[in-house]
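Work through the exercises below with the structure open. Try each task before you read its solution.

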Amino acid sequence: MNRINTLFGIEYPIVQGGMVWCSGWRLASAVSNAGGLGLLGAGSMHPETLREHIRKCRQATDKPFGINVPLMYPQLDEVMQLIVDEGVKIVFTSAGNPKLWTGFLKSHGITVVHVVSSSKFARKCEEAGVDAIVAEGFEAGGHNGREETTTLCLIPAVRRVTSLPLIAAGGIATGAGMLAAMTLGAEGAQIGTRFAFAAESSAHENFKNRCLSLEEGDTMLMLKKVSPTRLVKGGFFREVEEAENRGATAEELKTLLGKGRAKKGMFEGDLDNGELEIGQVASLFREQQTAAEIVHDIVTEYRNLLNESKEKLSI
């Protein structure tokens, strides 16, 4: 039995990324109902909004689901206590030190997974006592590792330093991608981008349609002086590019970023002034699907390619 399936009690080792402004209860419950693990994205929710989404998700599915909590969250104490109070059993932490909250969460019977961008941080995760690791390559959308290590290089590097269950992320959106990651040592895949423009995603239709029109090279890692973030090229992207080209300081970039940029772009659909975050792999897709269709496509392609590879790759 696959260790990721066993750890979470799911049918397929597919985890939906807990993305800001995309991962509400409709998306998370749909992925869980389809056999994967749906995650609520706490990074764009006030505590009471998160509580509402937890309760609605529980009403919409009797399958396991979890929450992604960025550790830079401003109301972290309140959120973590809320998660305990609401009886959530799976938490993915990211963007911070796993030692800070892993012990607290595990003391309440919660399975803890931490997202890393390097083998160095994978070692720290094992020391912190997490149950599994997500290794996310630089192809991913949104906030990213400073190392800029691609998934193809990151997965075997992380696998070499830890025996913990390993989930691959970054540039994975197909059965072929998942098979490649599993061959390199992963035991599951976390998929964000393809689910970000799913029918059940809470993102604005303007944002979804923009993502479904992207070509190769239409995203780039920016804001490296603040927090490396993969952005879609457009109005806000050009403002950032101009500022970085003239040597803007981190403080200037923070001022430019301001508050609510991601909400404006991804949730409200302002493609000119908003921050648009999506992964490189978006350029492979042109049609919107439901979460169930996405899971089915990935699993079917994975199984078909696994069977084909036994003959095609024989030497």
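**Exercise 1.** Are F197 and F285 buried or exposed?

Solution. Both F197 and F285 are buried; the term means under 20% relative accessible area, with exposed over 50% and partly exposed in between (1.4 Å probe, protein chains only). This is a predicted model, where local features need pLDDT of at least 70, side-chain atom pairs count only at pLDDT 80 or more, and totals for chains, interfaces and linings use all residues. Residues are numbered from 1 along each chain as its sequence is written, and side-chain values use heavy atoms, with hydrogens and water left out.

**Exercise 2.** How many aromatic pairs does a search of the whole structure find? Describe the pair of W21 and F267.

Solution. Start with the count: the search finds 4 aromatic pairs. Rings of Phe, Tyr and Trp (its six-membered ring) pair if their centres lie within 6.5 Å; planes under 30 degrees apart count as stacked, over 60 as edge-to-face and the rest as tilted. Next, the geometry. The ring centres of W21 and F267 are 5.1 Å apart and the planes stand at 40 degrees, so this pair is tilted. Now place the partners. W21 sits in the loop between β1 (14-16) and α2 (25-33), while F267 belongs to helix α13 (residues 261-267). Last, check accessibility. W21 has a relative accessible area of 18% and is therefore buried. F267, at 37%, is partly exposed.

**Exercise 3.** How do the axes of helix α11 (residues 235-245) and helix α12 (residues 250-257) cross?

Solution. First, the distance and angle: the axes come within 11 Å and cross at roughly 165 degrees. Axes are lines fitted to C-alpha atoms, for helices over the stretch in contact, and angles run from 0 to 180 degrees between N-to-C directions. Angles under 35 degrees count as roughly parallel, over 145 as roughly antiparallel, 65 to 115 as roughly perpendicular and the rest as oblique. Therefore α11 and α12 are roughly antiparallel to each other. Then find the contact (heavy atoms within 4.5 Å). From α11, F236, E239, V240, A243 and E244 meet L253, L256 and L257 of α12.

**Exercise 4.** Which residues of α3 meet α4?

Solution. P47, L50, R51 and I54 in α3 do; their partners in α4 are E78, V79 and L82. Now the axes of α3 (residues 47-60) and α4 (residues 76-85): they come within 10 Å and cross at roughly 20 degrees. The two helices are therefore roughly parallel to each other.

Technical notes: Helix = DSSP H or I, 4+ residues; strand = E, 2+ residues; numbered from the N terminus.
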